[in-house]
Amino acid sequence: MRQPLRTIGLLGGTFDPIHYGHLRPAEEVREAVQLSELRLIPARIPPHRARPRVGPEQRAELVRRAVAGNPSACVDERELHRDGPSYTVDTLAELRAELGGVSLCLILGYDTFLGLPGWSRWRLLFERAHVVVTERPGVRGALPEALAEEVADRVTEEPAGLRHSPAGRILFQAVTPVDISATGIRRFLAVGRSVRYLLPEAVRQRVVEAGWYGYPQL
């Protein structure tokens, strides 16, 4: 039987700030697919949302703090050093050129996945990576027509199968619901409410120490 490829999970985002709603689904994907490595990729300038409240270097520091001590995870800062918007399709092209025929698995939340037709050169994503869509068990809405057509022949129900080809498949992976948002965390911080247990303690301590999102708290 053919040996599985080195398989790298990719989780991009503004991480403004990073929290357990990012980290727990990614960990469950790592386990389900048996990822060799999980890379978190902070965006410098997100193309589809307002500029982050905190600068790219500070957000990258928070991501490093969040995954410190996890031997399977690391921070990939390539988007922080690229001019202009942080287009995922360009990041995948760079990774593919550097890493060759490994299996790349782009991790997206279900709501983000629904918005793919609005992304730059979105169909190329499937040529450069697999897509793992994290979803709440039993919750799946209708896909936009263009996306449904692209999905039809790509869906797999076998997580391990992603380790045997470099790109092109879509896996819908049920994960534990974690109803935490960066927006909610920022709102809490702005009025001095506690954010303890919503994000890793090392991240919380740095945010509070720096007062990055508003009213400092203990």
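Reader: Glad to be here; what should I know about the model and its numbering?

Author: Welcome! This is a predicted model, in which local features need pLDDT of at least 70 and side-chain atom pairs count only at pLDDT 80 or more, while totals for chains, interfaces and linings use all residues. Residues are numbered from 1 along each chain as its sequence is written, and side-chain values use heavy atoms, with hydrogens and water left out.

Reader: Why is Asp16 called buried?

Author: Buried means under 20% relative accessible area, exposed means over 50%, and partly exposed lies in between (1.4 Å probe, protein chains only). Asp16 has 5% relative accessibility, so it counts as buried.

Reader: And why is Leu114 called partly exposed?

Author: Its relative accessible area is 25%, so Leu114 counts as partly exposed. Leu114 is found in helix H4 (residues 110-114); helices (H or I, at least four residues) and strands (E, at least two) are DSSP runs, numbered from the N terminus.

Reader: What does Leu114 touch, leaving out residues up to four places away in sequence?

Author: Contact means heavy atoms within 4.5 Å. On that basis Leu114 touches Ala142, Leu143, Pro144 and Leu147. For Leu147, 33 residues apart from Leu114 along the chain, the C-alpha atoms of the two are separated by 7.6 Å.

Reader: What makes E1 and E3 partners of E2?

Author: Two strands pair if DSSP finds at least two bridges between them. Strand E1 (residues 7-13) is joined to E2 by six bridges, and the two run parallel. Strand E3 (residues 73-75) pairs with E2 over three bridges, also in the parallel sense. Leu38 shows up in both pairings: Gly9 stands opposite Leu38, and in E3 the bridge partner of Leu38 is Ala73.

Reader: Why is the unit of E1, H1 and E2 called right-handed?

Author: A crossover is right-handed if, with the strands pointing away from the viewer, the path from the first strand over the helix to the second runs clockwise. E1, H1 and E2 make a right-handed β-α-β unit, and E2, H2 and E3 make one as well.

Reader: How do you know which residues form a nonpolar core?

Author: A nonpolar core is a set of buried Ala, Val, Leu, Ile, Met, Phe, Trp, Tyr and Cys residues joined through side-chain atoms within 4.5 Å. The largest one here has 28 residues, of which Ile18, Val33, Leu38, Leu40 and Val203 touch the most other members. Elements that give two or more residues to this core include H1 (20-33), E2 (37-42), H7 (182-190) and H8 (201-210). Apart from it lies another core, of 24 residues, among them Ile8, Leu116, Trp122 and Val151.

Reader: What makes the buried residues of H7 line one face?

Author: The buried residues of H7 are Ala182, Ile185, Arg186 and Leu189. Seen down the axis of H7, they fall within an arc of 100° (taken from the directions from the helix axis to the C-beta atoms), so they line one face of the helix. What covers them includes H8, and the buried residues of H8 in turn pack against H2 and H7.

Reader: Why is E7 also called largely enclosed?

Author: Four of the five residues of strand E7 (residues 170-174) are buried, so the rest of the structure largely encloses it. E7 meets the pairing rule too: five bridges join it to the parallel strand E5 (residues 130-135), and two bridges join it to strand E6 (residues 155-156), again running parallel.
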